[in-house]
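Hi! Could you open the model and follow along with me? I jotted down a few notes while looking through it.

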Amino acid sequence: MSNPSEYVPPKVWSWNKDNGGRFANINRPVSGPTHDKPLPVGRHPLQLYSLATPNGVKVTVLLEELLAAGHHGAEYDAWLIRIGEGEQFGSGFVGVNPNSKIPALVDRSGPAPIRVFESGAILLYLAEKFGAFMPTEPAARAECLSWLFWQMGSAPYLGGGFGHFYAYAPTRIEYAIDRFAMETKRQLDVLDKRLAEREYIAGDDYTIADIAIWPWYGGLVNGWLYDAAEFLSVQDYRHVRRWADMIGERAAVQRGRMVNRTFGELSSQLHERHDASDFDTRTQDKQDAV
Ligand SMILES: N[C@@H](CCC(=O)N[C@@H](CS)C(=O)NCC(=O)O)C(=O)O
């Protein structure tokens, strides 16, 4: 293994503001707001503050699925939080998520607003609120929750570990890439074995476990993350690929991917979503033409 220039940690760590990493401008060793900024509130019961990263897409996919299944109470306003510009550190956003990360949801349908942060918590909250996309039979429910929490615990190794060191770090460190590529491939193999036996992650039905896992691991095998499909030989995980294609064909999933999206084809970017008709009339290709 090649020897990266040896780093000897000092006795006490201190903050080097410009460490050269892709997100050096927004990463801080402290929490809390950096500026005063109230959050906007729209007319619908649910207010989502997010961005179309894999963690954000989970929630917009579930909301679009709920609406497609006839749950009108899932109507939502999706507001854009540009994390690259530090909008997650505005006082209003921090009030909804003290952890300053998208996605964050406020449910204003009851007598007092209810805040929910962490994408897994939001999926669970919405699935329970509407009685949808989560089985009620105890064994099936346990399986669904197990895979939902598997995603929450596993994806940081894919994103913060593999993705960071493969695509974003200022230097390529063989040890780090090797360690997290191995773990990412192990996780893909876990999914592949499961999906060889079952149509969906939790069993026979499409659930919030699929909705949580698809944007990360479906995205990875589709070549959407970190330009790493060839490096990780994603074609080997054929059951994951079968499942990723099946989920990706759902109309609600395709709509959910567009919401709060600020990259890719202009026709695929719906920066804010306030009405179902916005998908036809307010994508960025149409905004630019105005
Ligand atoms: N465990 C969290 C992770 C959320 C997360 O990492 N969000 C990222 C974007 S994908 C973010 O907002 N980053 C901004 C920052 O770290 O300042 C969840 O699932 O909601």
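Below are some numbered points on this predicted model.

1. Let's start with a pair of helices. H6 covers residues 208–221 and H7 covers residues 238–248. Their axes sit 9 Å apart, and the packing angle is about 115°. The crossing of H6 past H7 is left-handed.

2. Who does the touching there? On the H6 side you'll find Asp-210, Ile-213, Trp-214, Tyr-217, Gly-218 and Val-221. H7 brings in Val-240, Arg-241, Trp-243, Ala-244, Ile-247 and Gly-248. Sorted by type, the residues of this contact are eight nonpolar, two polar and two charged.

3. Now have a look at the largest nonpolar core, which has 68 residues. The members touching the most others are Leu-126, Phe-162, Ile-208, Tyr-217 and Trp-243. H6 supplies the largest share of this core, with ten residues. There is also a second, separate core of ten residues, and Tyr-49, Ile-81, Ile-102 and Ala-104 are among them.

4. Is Ser-119 buried or exposed? Its relative accessible area is 4%, which is under the 20% cut-off, so Ser-119 counts as buried. You'll find this serine in helix H3, residues 119–130.

5. What does Ser-119 touch, not counting residues up to four places away in sequence? The answer is Asn-55, Lys-58, Pro-103 and Met-152. With Lys-58 there is a polar contact, side chain to side chain, at 2.8 Å.

How values were computed. Residues numbered from 1 in each chain as written. Predicted model: local features only at pLDDT ≥ 70, side-chain atom pairs only at ≥ 80, totals over all residues. Heavy atoms only, no water. Axes fitted to C-alpha atoms, helices over the stretch in contact; angles between N-to-C directions. Helix = DSSP H or I, 4+ residues; strand = E, 2+ residues; numbered from the N terminus. Left-handed = near helix turned anticlockwise from the far one by under 90°. Contact = heavy atoms within 4.5 Å. Nonpolar A, V, L, I, M, F, W, Y, C, P; charged D, E, K, R; others polar. Core = buried A, V, L, I, M, F, W, Y, C linked by side-chain atoms within 4.5 Å. Buried < 20%, exposed > 50% of the residue type's maximum accessible area, 1.4 Å probe, protein only. Polar contact = N/O pair within 3.5 Å; in protein donor to acceptor, adjacent residues only side chain to side chain.
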